[in-house]
Amino acid sequence: MSLWEYANPVKFMALSGRILPWTAALSAICLVVGLIWGFFFTPDDFRQGSTVKIIYLHVPSALMAINVWFMMLVTSLIWIIRRHHVSALAAKAAAPIGVVMTLIALITGAIWGQPMWGTWWVWDPRLTSFLILFLFYLGYIALWSAIEDNDTAADLTSILCLVGSVFAVLSRYAVNFWNQGLHQGASLSLDKEKNVADVFYQPLLVCIAGFVLLFVALMLLRTRTEIRARRTKALLARERMA
């Protein structure tokens, strides 16, 4: 069985309909367990106090903000190369979720940064690139809304997604590219010495799993809605022509 079979809207609707309830339920379980574990059953940090617990919202949302854009990049490339409409609709469906994730990351980062840095915002390389990524998300959504022809909108938004990917990369690796800046390095790393302490690390992984599953559930739900809207629009157009 080829993965490309699910570019067919009928097969995608059938598969996503089976997956969606499970991802939604698992997401709810992981988020409830992870957030309660993290906020109520982990100690305060010896330097940051209880402020450190923002990590359970900030890190998962920041990871998803970047990776949602990369998901959009992949589906946009599939649209450009293979012209599969489901991939274009999946990218369109993911964008509002990415906006919310980016906004959560920016807000929680400011709340975390104020007591640590003494300011709500600095023009740090990572923060600046993250803000630009947020603006690209808004521009992507606005471009979809501004163009009536769906294929033209998919083409132009795919190009915008390619350009915006530069800032997604910068958001992820800005600390590595530029040594200056207040933002700390990655909280999660293959190098165990760079990870947060296990007492924070374990519930953080559960929260990240919850955010990933939440994105998958919302993306499937929104893509299904986009497919139904496209079908409805096509049916109404046929009735007007009849």
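How many disulfides does a search of the whole structure find? The search finds 0 disulfides, a disulfide being a pair of cysteine sulfur atoms within 2.5 Å. The closest cysteine sulfur to that of Cys207 lies in Cys30, 9.0 Å away, which is too far for a bond. Cys207 is buried, at a relative accessible area of 0%, where buried means under 20% relative accessible area with a 1.4 Å probe and protein chains only. Cys161 is also buried, at 0% relative accessibility.

The model is predicted, with local features requiring pLDDT of at least 70 and side-chain atom pairs pLDDT 80 or more, while totals for chains, interfaces and linings use all residues. Residues are numbered from 1 along each chain as its sequence is written, and side-chain values use heavy atoms, without hydrogens or water.

The protein contains 6 helices and 0 strands, these being DSSP runs (H or I, at least four residues, for helices; E, at least two, for strands) numbered from the N terminus. Of its 242 residues, 41% are buried.

Helix α3 (residues 85-117) and helix α4 (residues 125-146) have axes that come within 9 Å and cross at roughly 150 degrees, the axes being lines fitted to C-alpha atoms over the stretch in contact and the angles running from 0 to 180 degrees between N-to-C directions. The two helices are therefore roughly antiparallel, a term for angles over 145 degrees. Residues in contact (heavy atoms within 4.5 Å) include Ala88, Leu103 and Trp117 of α3 and Phe130, Tyr137 and Trp144 of α4. By class, the contact has 18 nonpolar, 2 polar and 1 charged residues, with Ala, Val, Leu, Ile, Met, Phe, Trp, Tyr, Cys and Pro counted as nonpolar, Asp, Glu, Lys and Arg as charged, and the others, including Gly, as polar.

Key:
Angles under 35 degrees count as roughly parallel, over 145 as roughly antiparallel, 65 to 115 as roughly perpendicular and the rest as oblique. Buried means under 20% relative accessible area, exposed over 50%, partly exposed in between (1.4 Å probe, protein chains only).
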